[in-house]
Structure formats: structure tokens, C-alpha cells
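Subject: Structure handover

Hello,

Here is the structure I promised to pass on. My notes follow below it.

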Amino acid sequence: MTTDIGLWGVPLAILGGAIRVSTPFIFVSVGEALTERSGRVNLGLEGTLVFGAMSGYAVAYQTNSAWIGLLAAAFFGMLFGLFHGWICKLPKVNDIALGIALMIFGSGLAFFFGKPYIQPVAPHLPAISLGWWSDVPQVQAALRVNVLFIAGIALAIAASWMLKNTKVGLTIRVAGDSADAARALGIDVNRVRLWSTAAGGALAGIGGAYLSLYYPGSWNEGISSGQGLMAVALVIFARWSPINCAYASLLFGGAGALGPALQSVGVTQGYYLFYAAPYVLTLGLLIATSSTTRAMTSAPGELSITK
Amino acid sequence: MTTEAGLAAPATGAINAETAETFARKLDAVLLPLAALLVGMSIFSIFLLFLGKSPIEFFQIVYKAGFGTAFSWTNTLARAAPLLLAALCVALPARLGLVIIGGEGAIVLGGVAAGAVAMLAPGLPGPIGIIFMAIAACVVGGAWIGGIGALRHLRGVNETISSLLMAYIAIALMNHLVEGPLRDPASLNKPSTAPLPDAWRIGEIPGVGVHWGLAVGIIGCIVCWLLIERTTWGFAARIVGGNVKAAQIQGLPAGLLMIGFTALGGAFAGLAGMFEVAAVHGSANASLAAGYGYTGILIAFLARHNGLAIIPAAIVFAGFEASSGLIQRRLDLPDATILVLEGIVFITILLSDARQDRVSIVKLMKGASA
């Protein structure tokens, strides 16, 4: 029996939706934040995300274990990251154009190999019920949290701490702020960027596996609607801080959950416009936070995207 | 030794060497993308071999389905029409150094605008209706992409990301309009705008069997080439593309050029949508988002953003895409096969651009004379 909680259902559904929808954003944006802090942009994460979703689902189905699927997605994501990083090492390669190429390539490969896995059902990643204290089913539904959400928040905190306090973090930041300074310190800039891009790719792969293995929880060719690219915009808004990326992801998740939440209480007017809310929000924030006159605060100095 | 030879050489010799170098540069511009295309196709062949499929059979089918018969040429050229216009939406801004990848949004909204005009004034005679549809599509597409250029100039918003976000917004807008305010109640299974009046439908070019969008696309490519290579505006745009700051110091209106070129590109993409509605589908619906905008990116990069080169590049990829159905049936490969090929070719093109200094005829020539 559902308890009637009237319009309270909307904010609850948005909260629950924000947690569900934001998780892939957290992984992709924290990964991209690491990549961009090292001075490189990977726009191809959209393709990595889609391939992660496909490979995670396929491997989970074959091995009957969602966790092995997740690992596989991270592994293939890393391969995509390494590929991007390796080509960008060559002189005169435009990392933005290469990202677009990899977006097409990654999605193409995912659709190619994913065709046989559209029908079968793979095991899902487990969720934890944090709503045990409430009798209201809507509250319980909203607080059924996937383990990856918790892992993502922990990852964002750890990545922020790592960038600020460890030698690896400092190395990444120096490589991103001034390649010359890094070289003077004896840092191999290309290697730092290669592995930062690889880490970003692995995290994007995990984000993709979350899509296919938990929410929405199946593999099809329309599984990603630009999350990988929105995550790149989100990193700019989050000022290249992994913790801010997590906050921004929750905000985006909430915007993405707006349409379904309103639909659940019977508002169907303008469904497609609500569907566009996350894109409009991203664009609005991008416009609000960009500037022609002042350099972006805390932007890595070597970044092609802010030059 | 070299200086002596240089001094001693007659003036005509120097001019000859210069023309030879210009010629070599032009040859490079043609041969390098061609080589990139061939390398990409070879890597794709290896990919097919790994899967136990025959690359020879694959390319035979592509040839047969895309270019082998008069019928397949008609099919290919009909697909090339929107691709030509979509590629211009990437190539024009690219000459100013802007990477716009959201042409799909302008195509979709241009198509919806055309469908909306037909619903507002279906009583108008055919030719006037077509002109109104074209104007509406150009204005909407131009404003959509021009807005991205303006945001870039006025607010420093990264145009690559904003254009793609706007493409998603455009598709959502189209779905909203086509399923809501503009929906024809008679369209049950596939929500669409009302069918265009018969007189408004755009026919075929006599003797070619392909709709007029192809002619407009080719003319658009030639006009853009002339604009960029032969006019002061184009020259100014290329300077801005080379170095914005230097261009501004020279007093060039970088902002106006950015907005103008993006708007022009958007207008072409909008026209592509209009032709899809008026010549192919007969009404605006979700079929507009067919991915032409994304293939257009690849074509523009393959053509190195040169209007004339876009024509053959678009025809090649239109042929690839036209053969997709036959490849699925004959080789039992998924429809994404062409997408994989496109991704590989895109990567090899970017690599060839980066390696130009290493492998080029200009370099060979200089190496020989040194």
C-alpha cells in the first residue's frame, strides 16, 4: 500500500532521483577533474562512458557478477584513457578534436559489440537501504542508495585530499599549471598526463557501468544522453575541485530527476522541456561562470579549453 | 655554396621553385587526407579480419550499395545533401578556430521551423511557401549556432561544449513542439507536424533523381570556398583563426566575424533540416535527428575545412552510410559498423594533420634541395 503524501512526493522523488542520477556524473567529473588538473582535456569521455556501460553489462552477464562487470568497465575505460593520452603525446595533436573522434569511436565500438546484449538481463549492483527508519515507502525508495554513490562521494573527498596533500597530487597540479615549470622540476609531463587521462578514463568507465548495471539498469544504444560531455562542462563549473564536482553532480542529478518526479505526481505537460533541464542548467552555469576578460580562477594554466 | 647558387640563379628559376612549392603544398593538402582515409580503412580491415569477416567483401558491398549502380548513386547523393550542409556548419567556424560540434541542433530546429511555417500559412502558393520555409530555417539555424559564436565572443563560453549542450536542448525542444503545440492530431504512431501541402514539396533535380538540396549543398560549398579563399572577409577570418589577438591589434572585427561565420554555418545546417522536411519526410518529426550533424564533423575535418573538398568527402561518407543496410544483411554485422569505421578514420585524419611535418611532399622537396 502506498501512503498518500501528496505533493511532498515531488521533493522526495527529486532527492532520490538526484542520488540515483548523480552517481555517474560524480565518477566522470572527478575523473575529468584529475585529467584536466594535469593540463589535458578529454572530451571523449562520452564514448568511454558508453563503452563502459556496454562492457560492464556484457561482462556482468557472462560472469554473472556485477562486480566483475564493473572492473571490466574500469579496465576498458582506462584503455580508452591511455589511447587518448598516448595520441595527445604526439606533437600538434588537438586534444579537443581527438576527444570528438574518440566519442564517435567509443560509441561506435560499444554499439557494435553491444548488439547481442540488448536482450539478456545482467545482475545488478547492490543498493543499501538507508530509509529503514521511515514507514513511508516513498522515503524508503528515495533513500535506497547504491554502493557506488557512497564510493563516489568517498572518491571525490579522497581525490581532493590527494591533489592538495600528496606528492602525486602536486605533480599533477604542476604539470597542469606550467609544463615548463614541471620540466624544470624533472617531471615527465607527458607521463603524468598519460596516467591522469587513464585514471579519468577508468572512472568514466565505472560511471558507464553504473548506468547499465544499476540505473536505468539495462544496456541499450540510448543509455547515455550526453552525461560524459555534461560532466566536462560540470568540471569547469566546479572549478576543477573534485569535491565541488560531487556537489555539482548532485545538483545536476536533481535537475535530471525533475521531469520524472513531476510525471510521477501526474504533471505530464512539457515533459520534454523538463527533460532538457540538466542541459539548460549546464549551459546557464557555463555562461554565468565563463568570462572573456579575467582568466578563470583556479583553472589549470595549460588547459586548451579555457585558453 | 648555396648563397652563391642562389645569387647566380636567374629570377625565373626562383619563381619556378616557388610555384613548385605552392604546387607541392596543394598536393599535400589532397594526398594527406586521402592517405589518412586509406590508412583508416586499412585499420578497419584488420578489425574486420579479427572478427572473421572479409574486408574485401565489405568494401565490395560498400561499392555496390554506394556507388555501383545509378540507383545507388541516387541514394548516396540524396544522403550527401544534408551532409554537405552539415559539414559547412563545422567548417566555416573552424576557419576562425572555433570547434562547433552541435550542428545537429540547427538541423533539427531548421526542420521544425519549416514544418511550423507550413502549418501557419498552408494556403500560400508553393514557391512562396518554399522561400518562407527556407528563410525560417536559415534564421532559426543561424540564430541557434550564431548564438554559440556570440556566447564565445561576449562571454568566453567554450563553443565545443555549449554547441553540444544546445544540440541536446534543440532535440528536446523539437520533441516538445512535435508532440505538443505543433502536433498533427492525425499522426498517431509517430508524432509529426502536419504534412506539407503538396505544392510545397521540393522535387528532384531533373535528370539526376535527387532532390534540390544536393544542388543547394554543392553551391553552398562553392560559395563558402569563395568566401573564405577569395574575399577580404574570408582573409580576415583566417587571420582571426590563426591568432585572435594579432587580428584584433590589426583592427579586425573578430567578434563580428565569429558571430557572422557561426550564424552562416548555422543557416546552412538549418537549410539541411528544411530539405529533410520538404524533400524527404514531408513533415517535421523525430527522424530529423538522424545524426547528419555528427557525420558532418568528420567530413569537415577530412576536408580540412575547405569548402570544395567537402563535396567529395561528403559523397564518400554518404556512400558508406548508404551501404549500411546491405552490410547488415549480407555480412551479418550490426548497423554501428559504419560508426566504427568513421571513428577510426577520424582518428587517422587527426594523426595525419599532426604528422604533416614528417611526411609531406613539401618536406621531401626541401630535403632533396638541401
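Two residues are in contact here if their C-beta atoms, placed from the backbone, lie within 7 Å. Please also keep in mind that this is a predicted model.

From α3(A), the residues A:F80, A:H84, A:I87 and A:C88 take part. They meet A:D95, A:L98, A:L102 and A:G106 in α4(A). By type, the contact has five nonpolar residues, two polar and one charged. α3 covers residues 66-89 of chain A, and α4 covers residues 95-114. The two helices pack at an angle of about 145°, and their axes are 11 Å apart. The crossing of α3(A) and α4(A) is right-handed.

α10 (residues 227-237) packs on α11 (residues 242-264) at an angle of about 125°. Here the axes are 9 Å apart. α10(A) and α11(A) are therefore oblique to each other. Their crossing is right-handed. α10(A) brings A:M230, A:L234, A:V235 and A:F237 to the contact. α11(A) brings A:C245, A:A248, A:S249 and A:F252. Seven of the residues in this contact are nonpolar, one is polar and none is charged.

Some backbone points in the loops of chain A are worth a look.

- A:W240 sits in the loop between α10 and α11 of chain A. Its phi is near 60°, a positive value in a residue other than glycine. A:W240 counts as buried, because it has 24 C-beta neighbours inside 10 Å and 20 or more is the cut-off.
- A:N64 lies in the loop between α2 (45-63) and α3 of chain A. It is not a glycine either, yet A:N64 has a positive phi of about 60°. A:N64 counts as exposed, because it has 10 C-beta neighbours inside 10 Å and the limit for exposed is 12 or fewer.
- A:P216 is in the loop between α9 (189-213) and α10 of chain A. The peptide bond from A:Y215 to A:P216 is cis, with omega near 0°.

Now chain A as a whole. It has 13 helices and two strands. Its radius of gyration is 19 Å, which agrees with the value near 19 Å for a compact globule of 307 residues. The C-alpha trace spans about 70 × 45 × 35 Å along the principal axes. Of the 307 residues of chain A, 55% count as buried. Among contacts in chain A between residues at least 6 apart in sequence, 79% join residues at least 24 apart.

Chain B has 16 helices and zero strands. The radius of gyration of chain B is 23 Å, close to the 21 Å that the globule rule gives for 370 residues, so chain B is as compact as a globular protein of that length. Its C-alpha atoms fill a box of roughly 85 × 60 × 40 Å along the principal axes. Buried residues make up 51% of the 370 in chain B.

Last, where the chains meet. Which helix of chain B gives the most to the side that touches chain A? The contact takes 40 residues from chain A and 35 residues from chain B. In chain B, α6 (126-155), α7 (159-179), α12 (292-302) and α15 (337-354) each supply at least two residues of that side. α7(B) gives the most, with twelve residues. The side of chain B that touches chain A divides into 24 nonpolar residues, eight polar and three charged.

Best wishes

Technical notes
Residues numbered from 1 in each chain as written. Chains lettered and ligands numbered in written order. Predicted model: local features only at pLDDT ≥ 70, side-chain atom pairs only at ≥ 80, totals over all residues. Helix = DSSP H or I, 4+ residues; strand = E, 2+ residues; numbered from the N terminus. Nonpolar A, V, L, I, M, F, W, Y, C, P; charged D, E, K, R; others polar. Axes fitted to C-alpha atoms, helices over the stretch in contact; angles between N-to-C directions. Left-handed = near helix turned anticlockwise from the far one by under 90°. Parallel < 35°, antiparallel > 145°, perpendicular 65-115°, else oblique. Rg over C-alpha atoms; globule rule 2.2 N^0.38 Å.
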